[in-house]
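Subject: Structure handover

Hello,

Below is the structure for you to take over.

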Amino acid sequence: MNDLIAPLGPHADYILGSYAAVAVVLVGLAASILRDHAAQKKALAALEERGAGRRSGRRAS
Amino acid sequence: MASLIDLANPTRFMRLSAVLLPWLAAAAAVLLVVGFYLAWFSAPPDYQQGETVRILYVHVPAAWLAMMFYSMMALSALGTLVWRHPLADVAQKAAAPIGACFALICLVTGALWGKPMWGTYWVWDARLTSMLVLLLIYLGIIALWRVLDEPSRAGRAVAILTLIGFVNVPIIKFSVDWWNTLHQPASVFRMGGSTLDPSMLWPLLILAAGFTLFALALHMVSMRAEIMRRRVRTLTILEAERLDRLAAQGAPA
């Protein structure tokens, strides 16, 4: 690990900190969007399965 | 214009985005891998800043994307207010958290770059302050979406706020020319060409393209989720109305 950090010089903490911040924010953003997408897909599938929105209210075949 | 609006209806968007998304994500991944490789193993350290210049490769694309997403939101706001396009406020709502994240990344990486180079994490400089204002506008827009339940009413209110806030985008861009700032002036998109050496410019441009495709892919997924959320809302209301009718008739649900 020291071999990787040493060439970055005296400001290695700031450089690695910046990249860590980017990774944390973007991974968190992507995870939250994908989780929301999956939740909406599941909710929509459940409603369609129950036949919600159909005038007769019958289950989808 | 009419055909463009017809083309962008929610059903067609869902079909088209399902096809485009894997390609967009794959292109983003390739560009990010190549860009990070060049930024870390090919681009030289700066003659003045040394290795800290590597922060440039994430800081600058984040700043560009924070402004690009806000500009996209301003266009969507026009779509909502002028054409009442069904996808416009969906696009706007989906873009706000993504733009906010890039504004946050820009501010955090800027602070971490500023400390070793300027001796301070923060100054109330025109560029830094106007970027902070952009983040606060993003947060205000996200909050407004959450307090108004009815999507079309919320869309119009947010569109007005978005257009008012758009005045900040040219202020961010030209702040380094209009005022004396600690932040350096533009070095990539400027009259007379870039001042960056190609060995640093290419990794930056490749990473900027990679981050842009990544952000657009996330935007597409988020728009799909929002379209489904609205369908869920409509179907839930229809189902509740049906159950009410059945209850009134005394029939079992």
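**Chain B overall**

Chain B contains eight helices and zero strands, where helices (H or I, at least four residues) and strands (E, at least two) are DSSP runs numbered from the N terminus. In sequence order the pattern is α-α-α-α-α-α-α-α.

This is a predicted model, in which local features need pLDDT of at least 70 and side-chain atom pairs count only at pLDDT 80 or more, while totals for chains, interfaces and linings use all residues. Residues are numbered from 1 along each chain as its sequence is written, chains are lettered from A and ligands numbered from 1 in the order in which they are written, and side-chain values use heavy atoms, with hydrogens and water left out.

The C-alpha trace of chain B spans about 80 × 35 × 35 Å along its principal axes. Chain B has 253 residues, and 46% of them count as buried (under 20% relative accessible area, with a 1.4 Å probe and protein chains only). Among its contacts (heavy atoms within 4.5 Å) with a separation of 6 or more, 76% are between residues 24 or more positions apart.

Chain B carries 19 positive and 13 negative side chains, and the centres of the two sets are 4 Å apart. Lys and Arg count as positive and Asp and Glu as negative, with His and the chain ends not counted; each charge is placed at NZ of Lys, CZ of Arg, CG of Asp or CD of Glu.

F211(B) belongs to helix α8 (residues 198–249) of chain B. Why does F211(B) count as buried? Because its relative accessible area is 5%. Leaving out residues up to four places away in sequence, F211(B) touches V22(A) and L26(A) as well as L32(B), F36(B), Y57(B), V58(B), P61(B), L65(B) and F102(B). F211(B) and F102(B) are 109 residues apart in sequence, with their C-alpha atoms 9.9 Å apart.

T80(B) sits in helix α3 of chain B. T80(B) is buried because its relative accessibility is 6%. Apart from neighbours within four places in sequence, T80(B) contacts A88(B), D89(B), Q92(B), G155(B), R156(B) and A159(B).

**Lining of the largest pocket**

α3 (56–83), α4 (88–118) and α5 (126–147) of chain B each give at least two residues to the lining of the largest pocket. The largest share, eight residues, is from α4(B).

Regards

Notes
Buried means under 20% relative accessible area, exposed over 50%, partly exposed in between (1.4 Å probe, protein chains only).
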